[in-house]
Amino acid sequence: MAKIITVTSGKGGVGKTTTTAAIGAALARTGDKVVVVDFDVGLRNLDLIMGAERRVVYDFVNVIQGDARLPQALIKDKRLDSLFLLPASQTRDKDALTEEGVDRVIGMLSQHFDWVICDSPAGIERGATLAMRHAEIAIVVTNPEVSSVRDSDRIVGILDAKTLKAERGETVDKRLLLTRYDHVRAARGDMLKTEDVLEILSLPLLGIVPESGDVLKASNMGVPVSIHDPNSAPARAYHDAALRLKGENIAMEMPRQRGGLFSKLLRRAA
């Protein structure tokens, strides 16, 4: 049975879709069978990041409504044989996703994959809560700014109240992924420092993805950043995050920030 991950945040534009594609590709590179699922009905950006927009024939809603079988809607990645995409519909509204339909599709995917990664819309509307519903692990993506962190704190509350695990009295395993981090700007006080974000959200740290033009370059080329240039800083950050999800003890790397209290804080949070 698959492990089900939801990539979520309260605020839009923090890098959820980039993270879904990057983590999915990084896990697939280890040999695991991975499917990434786009819950953002009406917008549908995950297929663009994956470079699969021209290959979409059927989508998530078609499967839910019985217009297509699940294998017809799944798109195999061009570069990794064990990575698949279930795209969202671009022409329906979010009410097309039903609780019963999502339960059925996630159940089918769980039988055939090692990881099911759900790319959630921003906020707490229907698509987002359905994307969180089956989460065993939630990756809470946030930028180091007050509004993003505040909205992520709201999402933590939803994860603790409106998931299947919450209904059973259990707790979703929540991890923090800090994106677009610039240690120089943080040192100047232009953005929150990592320890400030950790103190506010009190979540285990999955990874720190630095601000980098490599992310935009990879997105524009339709390639997950974790495999576009494996030696780039964001690719290494996502690769390490994927290994941590698999239970490996990978040291938290912070460029130009070594030793002292700061590093101890990172190790403890991880």
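The following dialogue goes through the computed features of this predicted model and the cut-offs behind them.

Trainee: What are the ground rules for the model and its numbering?

Mentor: This is a predicted model, in which local features need pLDDT of at least 70 and side-chain atom pairs count only at pLDDT 80 or more, while totals for chains, interfaces and linings use all residues. Residues are numbered from 1 along each chain as its sequence is written, and side-chain values use heavy atoms, with hydrogens and water left out.

Trainee: How many helices and strands are there in the protein chain?

Mentor: The protein chain has 14 helices and eight strands. Both are DSSP runs numbered from the N terminus: helices are H or I with at least four residues, strands are E with at least two.

Trainee: What makes the protein chain as compact as a globular protein of that length?

Mentor: The radius of gyration is taken over C-alpha atoms, and the globule rule is 2.2 Å times the number of residues to the power 0.38. For 270 residues the rule gives 18 Å, and the radius of gyration of the protein chain is 18 Å, close to that value, so the chain is as compact as a globular protein of that length. Along the principal axes, its C-alpha atoms fill a box of roughly 55 × 40 × 30 Å. Among contacts (heavy atoms within 4.5 Å) between residues at least 6 apart in sequence, 75% join residues at least 24 apart.

Trainee: Why is helix α6 described as largely enclosed by the rest of the structure?

Mentor: Helix α6 spans residues 126-133, and six of its eight residues are buried, so the helix is largely enclosed. The buried residues of α6 are Gly127, Ala128, Leu130, Ala131, Met132 and Arg133. Their cover includes β1, α5, β5 (115-119), α7 (146-159) and α8 (164-167).

Trainee: How do you know that the structure has a cavity?

Mentor: A probe the size of a water molecule, rolled over the atoms, shows where empty space is left. On a 1 Å grid over the protein atoms alone, a cavity is a set of points where a 1.4 Å probe fits but cannot get out; a pocket is an open set with protein on both sides within 12 Å along at least five of seven lines; lining residues have an atom within 4 Å of a point. Grid points are joined across faces, edges and corners, and a volume is the space filled by probe spheres set on the points. The search of the whole structure finds one cavity of 30 Å³ or more, and the largest cavity has a volume of about 40 Å³.

Trainee: Which residues line the largest cavity?

Mentor: The lining consists of Met50, Ala52, Ile75, Lys76, Asp77, Leu83, Phe84 and Leu85. Two or more residues come from each of β3 (75-76) and β4 (83-86), and β4 gives the most, with three. The lining of the largest cavity has six nonpolar, no polar and two charged residues. Here Ala, Val, Leu, Ile, Met, Phe, Trp, Tyr, Cys and Pro count as nonpolar, Asp, Glu, Lys and Arg as charged, and the others, Gly among them, as polar.

Trainee: What lines the largest pocket?

Mentor: The largest pocket holds about 560 Å³ of space. It is lined by 29 residues, of which Gly13, Val14, Gly15, Lys16 and Thr18 lie nearest its centre. That lining divides into eleven nonpolar, twelve polar and six charged residues.

Trainee: Where does UniProt place the feature "binding site"?

Mentor: The unreviewed UniProt entry places it at Lys11, Gly12, Gly13, Val14, Gly15, Lys16, Thr17 and Thr18. From this set, the lining of the largest pocket takes in Gly12, Gly13, Val14, Gly15, Lys16, Thr17 and Thr18. UniProt positions are given in the numbering used here, feature names are shortened, and annotations may be inferred rather than shown by experiment.

Note on methods. Buried < 20%, exposed > 50% of the residue type's maximum accessible area, 1.4 Å probe, protein only.
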